[in-house]
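Have the structure open beside you as you read.

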Amino acid sequence: MSVSRRTLLTTAAGAAVAASASTSTAASAASSDASDQASATRTLRQAADYAVAKLRAVAPGVTAFPVGTKFEKWTYSQNGDWVGGFWPGQLWLAWLHSGEEQFKTLALASAEKLAPRQNDTGTHDLGFLFYPSWVTAWRLTGDEKWRAGAVQAASSLIKRFNPAGGFIRAWGALGDPNNAGRVIMDTMMNLDLLAFASKQTQDPKYLEIAVAHAKTAQRTFVRPDGSTPHVFDFDPVTGAPIGPNTVQGYSPTSCWSRGQAWGVYGFTTIHRRTGDPEFLATARRLADFALSRLTADHVPVWDYLAPQAPDDVKDASAGVIMACGLLDLAELTHRPHYRESALRILTAVSRTCLTTKSTRAEASVARCTRNRPSEDGIEVSLPYADYYLLEGILRVLDRRKVDRAVDLSSV
């Protein structure tokens with residue numbers, strides 16, 4: 001055999017071995033990925049089952065609205081404060097996941113208690129109060145009273161719009177000069193109630209106000225690196241911007257993680273209702289910043305830019321809220337890394353932040369922080385954490401179920 005012939009055969013054999021090894025490696029990697037995905041899905045399903053079991057045990061004895069825990073037991077508000085919508089919202093999601101009629105009955109009874117708040121012009125939080133409770137009730141039952149009440153709540157909310165500055169005032173009664181020019185990032189999550197009202201009434205004024213507010217927030221809150229302050233102040237008379245501030249973040253120049261999460265989810269949602277690509281780009285900037293600040297445990301610190309970050313107290317609620325927004329972002333941008341990040345966050349919270357080791361806990365999610373600067377609710381349980389954990393997990397396990405409750409469509 002000639003040298004060249006021998007070399008050719010040797011080379012061919014080597015290539016075959018290399019190809020075989022490459023195929024084996026790829027198959028092994030694919031098998032590992034599939035195993036990881038199966039493990040994550042199993043973890044999420046177990047977490048959803050745990051949350052529903054917790055509600056099954058606790059909800060029949062709840063007669064008001066949980067606002068947070070003290071020594072692992074819920075404390076309550078009679079009128080719902082700003083979080084009242086999340087309790088009936090959880091019950092609706094539990095009904096969709098389990099099919100147990102008691103959750104539907106309890107959800108309707110809880111939502112009914114919010115009826116007086118339809119006419120509340122003293123808060124920007126009517127979206128938080130009425131979307132997961134009354135809008136969802138209408139979507140799941142078709143009963144006109146829930147739709148009408150949600151539209152009335154939207155009519156109350158738009159009275160807080162300041163046309164001079166193009167923003168919805170966050171806090172304080174309409175005639176109160178204190179905080180009259182104060183805007184907070186959280187309001188981005190209340191805008192979808194206005195989009196709902198425009199769709200139901202065919203009156204564009206609600207959505208126009210939502211878009212105006214979102215554009216103002218986009219222009220004033222978002223820093224070049226994609227981080228945001230909690231608060232931005234305006235002159236309430238002229239509408240002129242004054243500057244960033246904070247209440248629940250570390251400082252006006254820091255980045256409160258739950259506010260950042262509200263922004264990711266809120267800007268993504270207003271994009272879904274309008275198709276405006278700038279809102280989607282803003283949501284991505286906020287998401288990219290937050291993801292760059294996550295540590296290996298995938299549970300957000302309470303403020304990404306506080307001096308002790310990332311070695312500071314956690315806020316699991318910021319994680320599950322952001323995960324819901326990331327799942328939307330993945331669909332809208334066709335960038336799978338947003339979905340992968342959402343899955344990592346939801347899986348991490350499910351594995352490290354649930355109350356499974358406690359026999360007295362009444363909530364599902366621990367390690368949440370309500371207001372660190374005020375030393376109010378440090379690593380406790382919060383109703384919106386329980387709500388968005390279930391929403392996020394059910395989006396992954398069965399998106400169609402969540403779409404029945406919360407409109408996940410896009411224009």
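## Helices α7 and α8

Helix α7 (residues 205–221) and helix α8 (residues 257–274) pack at about 135 degrees, with 11 Å between their axes. The two are therefore oblique to each other (under 35 degrees counts as roughly parallel, over 145 as roughly antiparallel, 65 to 115 as roughly perpendicular, and the rest as oblique). Their crossing is left-handed, a term for a near helix turned anticlockwise from the far one by less than a right angle. On the α7 side, the contact is made by Leu207, Ala210, Val211, Ala214, Ala217 and Gln218, and on the α8 side by Phe267, Ile270, Arg273 and Thr274. By class, that contact has seven nonpolar, two polar and one charged residues.

This is a predicted model, in which local features need pLDDT of at least 70 and side-chain atom pairs count only at pLDDT 80 or more, while totals for chains, interfaces and linings use all residues. Residues are numbered from 1 along each chain as its sequence is written, and side-chain values use heavy atoms, with hydrogens and water left out. Helices are DSSP runs (H or I, at least four residues) numbered from the N terminus. Axes are lines fitted to C-alpha atoms over the stretch in contact, with angles from 0 to 180 degrees between N-to-C directions. Contact means heavy atoms within 4.5 Å. Ala, Val, Leu, Ile, Met, Phe, Trp, Tyr, Cys and Pro count as nonpolar, Asp, Glu, Lys and Arg as charged, and the others, Gly among them, as polar.

## Where α9 joins in

Helix α9 (residues 277–293) packs with α8 at about 160 degrees, the axes lying 8 Å apart. α8 and α9 are therefore roughly antiparallel to each other, and their crossing is left-handed. Gln260, Gly263, Val264, Phe267, Thr268, Ile270, His271 and Thr274 in α8 meet a set in α9 that includes Pro277, Phe279, Leu280 and Leu286. This contact of α8 with α9 has 11 nonpolar, six polar and no charged residues.

α9 also packs with α7, at about 45 degrees and with axes 11 Å apart. That makes α7 oblique to α9. Here Val211, Ala214, Lys215 and Gln218 in α7 meet Glu278, Phe279 and Thr282 in α9. By class, the contact of α7 with α9 has three nonpolar, two polar and two charged residues.

## The largest cavity

On a 1 Å grid over the protein atoms alone, a cavity is a set of points where a 1.4 Å probe fits but cannot get out, and lining residues have an atom within 4 Å of a point. The count comes to three cavities of 30 Å³ or more. The largest cavity has a volume of about 240 Å³ (the space filled by probe spheres set on the points, which are joined across faces, edges and corners). It is lined by 20 residues, and the closest to its centre are Tyr131, Met189, Asp192, Tyr265 and Tyr388. The largest share of this lining, five residues, comes from α8. The lining divides into 12 nonpolar, three polar and five charged residues.

## The largest pocket

A pocket is an open set with protein on both sides within 12 Å along at least five of seven lines. The largest pocket has a volume of about 510 Å³. Of its 16 lining residues, Asp36, Gln37, Ala40, Glu340 and Leu343 lie nearest its centre. α11 gives the largest share of the lining, seven residues. By class, the lining of the largest pocket holds six nonpolar, four polar and six charged residues.
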